[in-house]
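Subject: Structure handover

Hello,

Here is the structure for your files. My notes on it follow below.

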Amino acid sequence: WNRACEELTGRGRVEVLGRHLAPELVPEEWHGLFADEHAVPPKAPLEHRWHGPGGERLIESLAFFIPGRAGDRILVLVGYDVTDRRRIEEALESRVVQSKSIVEVARAIMSSLDSHAVLELVVDRVRELLGVSRVGLAVLEPERSTSVIRFAASRGMRGAFQGLRPLHWRDGTTPTAILKRRPVWSADLLNDPAFDLTP
């Protein structure tokens with residue numbers, strides 16, 4: 001019971017020696033190893049979650065037997081904290097997916113004359129990357145237009161959404177967010193004095 005075990009569980013060596021801690025510390029799939037003297041531990045490591053004083057950690061554990069002096073077997077459990085490594089791997093995978101999406105959209109922009117198809121591709125990739133169910137893509141209207149933006153493509157929105165034409169920059173959360181270049185939110189949009197909604 002080394003220092004890493006103490007840090008992960010918040011329990012010192014004196015507190016745990018002589019206690020049966022298997023139900024708390026090892027994956028449920030391995031509980032049979034303690035009851036069956038003929039059990040064979042899996043050869044591959046097993047990932048499981050450990051809940052300790054520092055929060056939830058991802059542990060990669062390996063179990064094996066060594067012969068004991070009395071002819072019995074001693075079960076050895078080795079656990080590695082792989083939480084940080086897994087976070088780095090997931091972040092790297094996410095960056096790879098982002099990069100592929102950017103390249104795909106860039107190729108479409110350079111090779112396609114169909115701007116609508118390109119915008120449709122953009123909303124699809126944005127929805128995948130952000131993991132959201134609804135996406136709307138707005139484009140700026142020319143100054144001579146009566147509206148400031150129009151929605152050129154969307155996914156998961158009601159049919160009428162794409163027909164919305166905000167007439168000025170306080171005409172809803174989307175035009176305000178575009179103007180201020182930051183997320184904009186309202187608990188009660190219809191009665192919020194920060195906005196001036198047209199009918």
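A salt bridge here is a side-chain nitrogen of Lys or Arg within 4 Å of a carboxyl oxygen of Asp or Glu. The model is predicted: local features need pLDDT of at least 70, side-chain atom pairs count only at pLDDT 80 or more, and totals for chains, interfaces and linings use all residues. Residues are numbered from 1 along each chain as its sequence is written, and side-chain values use heavy atoms, with hydrogens and water left out.

**Salt bridges**

Side chains of opposite charge can pair when their charged atoms come close. The whole structure holds 13 salt bridges.

Take D124 and R155. Their side chains form a salt bridge at 2.7 Å, N to O. D124 lies in helix 6 and R155 in strand 5 (residues 149–155), so the pair ties together parts that are 31 residues apart in sequence. Helices (H or I, at least four residues) and strands (E, at least two) are DSSP runs, numbered from the N terminus. D124 is partly exposed, with a relative accessible area of 22%. The classes are as follows: buried is under 20% relative accessible area, exposed is over 50%, and partly exposed is in between (1.4 Å probe, protein chains only).

Next, R86 and E47. Their closest N and O atoms are 1.9 Å apart in a salt bridge. This pair links distant parts of the chain: R86 sits in helix 5, E47 in strand 1, 39 residues apart. R86 is buried at 17% relative accessible area. E47 is partly exposed at 36%.

R85 and E60 also meet in a salt bridge, at 3.5 Å, N to O. Again distant parts of the chain are linked: R85 is in helix 5 and E60 in strand 2, 25 residues apart. R85 is partly exposed, with a relative accessible area of 39%.

Which residues do shared partners join into one network of salt bridges? They are E47, E60, R85, R86 and E89.

An open sheet has 3 strands in the order 1-2-3, with antiparallel pairing. Two strands pair if DSSP finds at least two bridges between them. Strand 1 (46–52) and strand 3 (73–81) are the edge strands, and each pairs on one side only. On average, neighbouring strands of this sheet are turned by 40 degrees against each other, direction ignored. Axes are lines fitted to C-alpha atoms, for helices over the stretch in contact; angles run from 0 to 180 degrees between N-to-C directions.

Strand 1 pairs with strand 2 (residues 55–67) in the antiparallel sense, over 7 bridges. In this part, H51 stands opposite E56 in strand 2. Strand 2 and strand 3 run antiparallel and are joined by 9 bridges. They form a hairpin with 5 residues between them. G71, in the turn, has a positive phi of about 85 degrees.

Helix 5 (residues 83–111) lies across strand 1, strand 2 and strand 3. It runs at about 120 degrees to strand 2.

**A63**

A63 lies in strand 2. Its bridge partner in strand 3 is L77. Is A63 buried or exposed? It counts as buried, at 4% relative accessibility. Contact means heavy atoms within 4.5 Å. Leaving aside neighbours within four places in sequence, A63 is in contact with W30, L33, P41, P42, L75, V76 and L77.

V139 stands opposite R150 in strand 5. Strand 5 is mostly covered, with 6 of its 7 residues buried.

**Surface**

V97, V126, L129, L130 and V132 make a nonpolar surface patch of about 380 Å². Patches are made of residues with over 30% relative accessible area and no salt bridge; like charges are joined within 9 Å, nonpolar side chains (Val, Leu, Ile, Met, Phe, Trp, Tyr) within 5 Å. Areas come from the Shrake-Rupley method with a 1.4 Å probe; for residues, only the protein chains shown count as cover. Helix 6 (residues 115–130) gives the most to the patch, with 3 residues. L129 is in helix 6 and counts as partly exposed at 36% relative accessibility.

W185 is in the segment after helix 7 (173–180). It counts as exposed, at 70% relative accessibility.

Best regards
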